[in-house]
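Let us walk through a protein fold one piece at a time. Keep the sequence and the picture side by side as you read.

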Amino acid sequence: MMPREMMLRELSGHEDPHPVYERMRARGPLILDGGMWLTTSYELSNRILRDRRFGVRYTDGTYPNASEVFPESFLEADPPDHTRLRRLSAPAFSPKRIDEYRPRVEKIAEALLDKGEFDLIADFAAPLPIAVISDLLGIPDEDTTEFADYGKLVAASFDGGVSEEMMRASEKVLALFTRLIEERRAKPGDDVISSLVAAEAERELTARELMGTLLLLLVAGFETTVNLIGNGTKALLDHPSQWAFLKANPDVAPDVVEEVLRWAPPVQLTSRIAHEDVGQIGVDQEVNIIIGAANRDPAVYPDPNRFDVMRVRKPEHLAFSSGIHYCLGATLARMEGDVAFRALAKRVPDLRQAGPVTYRDSVVIRGLATFPVSRS
Ligand code: HEM
């Protein structure tokens with residue numbers, strides 16, 4: 001078994017991965033575990049993520065766990081490809097664009113909350129980001145269910161191989177995007193697909209890179225924001241005084257978002273590959289960066305296990321990574337979280353948990369699979 005798989009196995013099924021993280025932390029900032037480097041240190045994680053001597057590919061240009069089904073995206077690219085491709089998508093996610101978009105997200109959130117008993121994940125946390133990113137990409141409503149199912153399968157694939165089911169779903173999604181690309185080619189709009197199609201016509205990216213970018217933009221927003229909202233709502237209901245504080249002061253919603261991202265980050269780990277020898281780390285060796293542990297590093301956050309929306313959170317948590325791959329959707333995700341927590345506080349102030357939660361069977365992506373709640 002690969003060392004990474006060993007670690008994933010050790011962590012999987014844990015409702016709380018932190019005891020495992022703390023055992024790792026006790027062994028030092030950089031440890032070699034079953035032939036694999038890993039770090040739980042905030043300082044070292046941040047340094048590696050920003051260090052140009054590390055990348056996401058091996059020095060021969062191959063990518064670990066490269067898929068034959070999916071075209072790769074800039075998340076899986078090193079400069080100069082990364083720089084070129086990220087630049088083409090970035091305008092759609094600028095703070096100004098996202099701010100203009102906020103009223104639409106508010107409407108979607110409020111409409112979703114008009115229900116009695118509901119599951120916070122299935123009926124609110126999941127459909128919100130799906131509706132938002134589909135809308136932002138200009139995907140018609142009738143196609144969004146297909147995209148949503150696909151997103152779930154992709155997230156599952158982070159932890160293991162690609163299933164038959166996933167192959168079928170990805171073929172459907174590729175066909176759907178092919179159709180949308182054709183439509184935008186014939187009739188361009190002001191959405192991000194149209195601008196990427198125009199860039200392809202100018203030979204700024206290849207057809208395969210275009211597809212990889214679209215898949216990334218779709219999936220990156222689905223499977224992460226749902227867990228920001230789910231993990232955050234659970235944290236608030238488990239800490240009634242902070243939930244009460246939010247209800248009395250809705251403008252602390254952005255602080256809630258930041259503390260949830262620090263305390264229960266949806267993406268728990270990432271990795272980097274050394275492009276040259278860096279200290280003990282040899283060329284082409286991989287370092288696993290445990291974001292979930294770095295975000296609770298006592299060297300930078302006093303009393304790190306305490307969920308406290310009013311804590312001083314400097315330096316910024318690593319939930320969105322750091323360096324050149326810093327999450328392109330961070331402004332959008334923050335806005336969605338802000339809107340979601342405000343909407344919950346305003347529309348369902350008596351929200352309570354109505355039954356046991358279940359956790360997602362994933363180590364990389366951390367969040368709830370089901371979370372039954374009631375309005376009173
Ligand atoms: C709470 C929600 C989110 C979290 C926690 C999150 C987290 C992350 C992380 C950790 C990375 C970098 C991974 C690495 O360095 O290896 C990343 C990259 C990325 N995220 Fe997000 N993300 C979120 C929401 C979104 C949304 C809504 C979008 C919108 C489309 C998005 C788009 C992207 C893209 C395009 C990248 C690749 C950036 C690059 O490689 O340069 N993310 N995200």
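Start with a pair of strands: β4 and β10 (residues 372–374) run antiparallel and are joined by 2 bridges. Phe118 stands opposite Val373 in β10. Two strands count as paired if DSSP finds at least two bridges between them. Strands, like helices, are DSSP runs numbered from the N terminus; a strand (E) needs at least two residues and a helix (H or I) at least four.

A word on the source. This is a predicted model, in which local features need pLDDT of at least 70 and side-chain atom pairs count only at pLDDT 80 or more, while totals for chains, interfaces and linings use all residues. Residues are numbered from 1 along each chain as its sequence is written, and side-chain values use heavy atoms, with hydrogens and water left out.

Back to the sheet. The strand order is β4-β10-β7, an open sheet of 3 strands with antiparallel pairing. β4 (118–119) and β7 (352–353) stand at the edges with a single partner strand each, so one side of each has no neighbour in the sheet. What holds such strands together? Strands of a sheet pair through backbone hydrogen bonds, either parallel or antiparallel.

Both kinds of pairing meet at β6. Strand β2 (residues 36–39) runs parallel to β6, with 3 bridges between them. β5 pairs with β6 in the antiparallel sense, over 5 bridges. Is β6 (residues 286–290) mostly covered or mostly open? It is mostly covered, with 4 of its 5 residues buried. Buried means under 20% relative accessible area, exposed means over 50%, and partly exposed lies in between (1.4 Å probe, protein chains only).

Now turn to a helix. α9 (residues 164–186) has 23 residues. From first C-alpha to last, α9 reaches 34 Å, close to the 33 Å expected at 1.5 Å a residue. That expected span is 1.5 Å times one less than the number of residues. Buried residues of α9 include Met166, Ala169, Ser170, Val173, Leu174 and Phe177. An α-helix has 3.6 residues a turn, so residues three or four places apart point the same way.

Next comes the ligand. Which residues come nearest to the ligand? Of the 28 residues around the ligand, they are His82, Thr270, Ser321, His325 and Cys327. Here a residue is near if one of its heavy atoms lies within 4 Å of the molecule. Two or more residues of the shell come from each of α4 (81–89), α11 (207–238), β5 (269–274) and α15 (330–347). α11 gives the most, with 7 residues. By type, the shell has 18 nonpolar, 8 polar and 2 charged residues. In this count Ala, Val, Leu, Ile, Met, Phe, Trp, Tyr, Cys and Pro are nonpolar, Asp, Glu, Lys and Arg are charged, and the others, Gly among them, are polar.

Stay with His325. This residue lies in the loop between α14 (291–294) and α15. His325 is buried, at 11% relative accessible area. Its side chain makes a polar contact of 3.4 Å with the side chain of His82. A polar contact is a pair of N or O atoms within 3.5 Å; within protein, one must be able to donate a hydrogen and the other to accept it, and residues adjacent in sequence count only if both atoms are side-chain atoms.

Most residues other than glycine have a negative phi, and most peptide bonds are trans. Ser321 has a positive phi of about 70 degrees although it is not a glycine. Ser321 is buried, with a relative accessible area of 11%. Arg203 also has a positive phi, of about 65 degrees. Is Arg203 buried or exposed? At 74% relative accessibility, Arg203 counts as exposed. Finally, the peptide bond from Pro79 to Pro80 is cis, with omega near 5 degrees. Pro80 lies in the loop between β3 (54–55) and α4.
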